[in-house]
Amino acid sequence: MAAGTGTLAAAGAFPGFIQAQSSEPIRLGFQLHRTGIGAAYGRWYERTAQAALQVLNDAGGINGRPVEILFEDDGTDPKRGAEVVEKLATQGKCDAVFGALFSNVVVGSAPRAGELRIPYLVCSEGHHVASGITNRWTLQPGITDVKSQVQAMAPWVAANLGKKVTMVFPDYAFGYDHRDFFTAAMEAQGGEVVELIAIPPTETSFTRHLPRIPSETEVLYHVMVGPAVLTFVKELGEFYGTGDHPEIFGFIDSLEAVDIASPGLEFLEGTHFWEGHPRCLQPGASEHETFYRSAVGVDDNGASVSDAREVSTYAHMFSAWETLFVIKAGMEAAGYQGPDDRQAFVEAVEAMTEMPLSREHPQGDKVFNGRTHQVFGHQHISKVAEGRLEVVHTTSIEDGLYPDEVDYTTQPF
């Protein structure tokens, strides 16, 4: 197929399947942000999924059957996302669909997955799944959600950076998760959010918004996404210049796919970022981390080994890798043979609990909550030091746990 209409990965090239040559391959659909505001993420999600697929098939596939992935572009668009899920399920005859990152696409696509009764495993960070607004066919087993992330990190921010916060965030669902949950998390630490600055997702310049930052601000919390992130951080630096400024704490989303050594980003030295998976290789990294980094083709600084200018979306893309291996584990536990076993597959994933640090889970050990369909893991706070991101604090899994808001296992399929 042409790149614009979908790409079938690894079809017809399955070494080591002598006993399974007559078996129909398991087909997985990947809802890919190849174009639109999520394109930088999509490029690396596809690359990561391809690398994981190679490792999985080299080890015998799933239940001795080879695995294919059909990539289909959703344009990072909610309406198109639902159409992609339907296309992968009906025309592509996929056994499950995974891969979506952007919250608006997930929220727009999950209802269609439920109607089609196809497992839909999202690689997002929104609180949509664990909040109960999706359905039993929708799971998030490969990456934590924003509510968990900010709850885990707020105590460190309040204790080390300050308690009067101004937030700059995208004006849609993902940004609202940050707004709501970080506000609550800071209030629990005796802090307060003194200003909320919501930025339209199509904004290309941010200078008109920055004067709204109150002078009493002790911590500027920023999380931006999309192709204008480099402009945002540069304009933030120009706004403050060499003068005094609040402590700056950003989600690495504001710098994903951007070289931290880019001209104009010097002011980031000494500021802090959340990272789901540290971009720069840290001292004492596990063998599983180094295996994963090598398999995907990422160097010690988080860029492509073939082009140092091509910086990865390292803090997020591990979710594509880990979700594929959750699919493998779930299908094997369910004895998956075909679409009639989709419900058994979902129930097998719901039964999962601990996910140890391993090649399958290189970001770190995790705990899966089958009732809420949400996984919980470690978060990292990194400091910019001489152009590199150095981890200064890692949260525990327990730091990010919160009471259940839904029990999908009590809902009908």
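Two strands count as paired here if DSSP finds at least two bridges between them, the strands (E, at least two residues) and helices (H or I, at least four) being DSSP runs numbered from the N terminus. The model is predicted, so to speak of local features a pLDDT of at least 70 is needed, side-chain atom pairs count only at pLDDT 80 or more, and totals for chains, interfaces and linings use all residues. Residues are numbered from 1 along each chain as its sequence is written, and side-chain values use heavy atoms, with hydrogens and water left out.

## The seven-stranded sheet

Let us start with an open sheet of seven strands, in the order E8-E7-E9-E10-E11-E17-E18 and with mixed pairing. Strand E8 (192–199) and strand E18 (388–394) are its edges, each pairing on one side only. From one strand to the next the twist averages 25°; angles run from 0 to 180 degrees between N-to-C directions, and axes are lines fitted to C-alpha atoms, for helices over the stretch in contact.

The table collects some of the pairings in this model.

| Strands | Sense | Bridges |
|---|---|---|
| E7 and E9 | parallel | four |
| E9 and E10 | parallel | four |
| E11 and E17 | antiparallel | four |
| E15 and E16 | antiparallel | three |

Met 167 has Tyr 221 of E9 as its bridge partner, and Val 219 stands opposite Glu 247 in E10. Further along, His 272 is bridged to Lys 383 in E17.

Two helices pack on this sheet. Helix H5 touches strand E9 (219–222), strand E10 (247–251), E11, E17 and E18, and its direction makes about 165° with that of E10. Helix H7 (residues 229–240) touches strand E7 (164–170), E9 and E10, at about 160° to the direction of E9. Contact means heavy atoms within 4.5 Å.

Are the faces of E9 covered or uncovered? Both are covered: Val 219 and Tyr 221 on one side, and Leu 220 and His 222 on the other, are all buried. Buried means under 20% relative accessible area, exposed over 50%, and partly exposed in between, with a 1.4 Å probe and protein chains only.

## A residue of H5

Ala 152 lies in helix H5 (residues 146–160) and is buried, with a relative accessible area of 5%. Neighbours within four places in sequence aside, Ala 152 is in contact with Gln 379, Thr 395, Asp 399 and Gly 400. Glu 187 is 35 residues away from Ala 152 in sequence and 14 Å away in space, C-alpha to C-alpha.

## Nonpolar cores

In soluble globular proteins, nonpolar side chains tend to be buried together. A nonpolar core is taken as a set of buried Ala, Val, Leu, Ile, Met, Phe, Trp, Tyr and Cys residues joined through side-chain atoms within 4.5 Å. The largest such core has 100 residues, and Leu 28 and Phe 249 touch the most other members. H9 gives the most to this core, with eleven residues.

Beyond its neighbours within four places in sequence, Phe 249 is in contact with residues including Met 153, Val 157, Leu 161, His 272, Trp 274 and Ile 381. A second, separate core of 18 residues includes Leu 88, Cys 94, Ile 118 and Val 129.

## H1 against H9

Two packed helices are described by the angle between their axes and the distance between the axes. Helix H1 (residues 39–58) and helix H9 (residues 314–334) pack at about 35°, with axes 8 Å apart. The contact is made by residues among them Tyr 41, Trp 44 and Leu 56 of H1, and Met 317, Trp 321 and Phe 325 of H9. By class, 14 residues of this contact are nonpolar, three polar and one charged. Here Ala, Val, Leu, Ile, Met, Phe, Trp, Tyr, Cys and Pro count as nonpolar, Asp, Glu, Lys and Arg as charged, and the others, Gly among them, as polar.

Asn 369 has Gln 374 in E16 as its bridge partner.

His 373 lies in the loop between E15 and E16. Although not a glycine, His 373 has a positive phi of about 65°, and this residue is buried, with a relative accessible area of 0%. Glu 386, in the loop between E17 and E18, has a positive phi of about 55° and is not a glycine either. Is Glu 386 buried or exposed? Glu 386 counts as exposed, at 76% relative accessibility.
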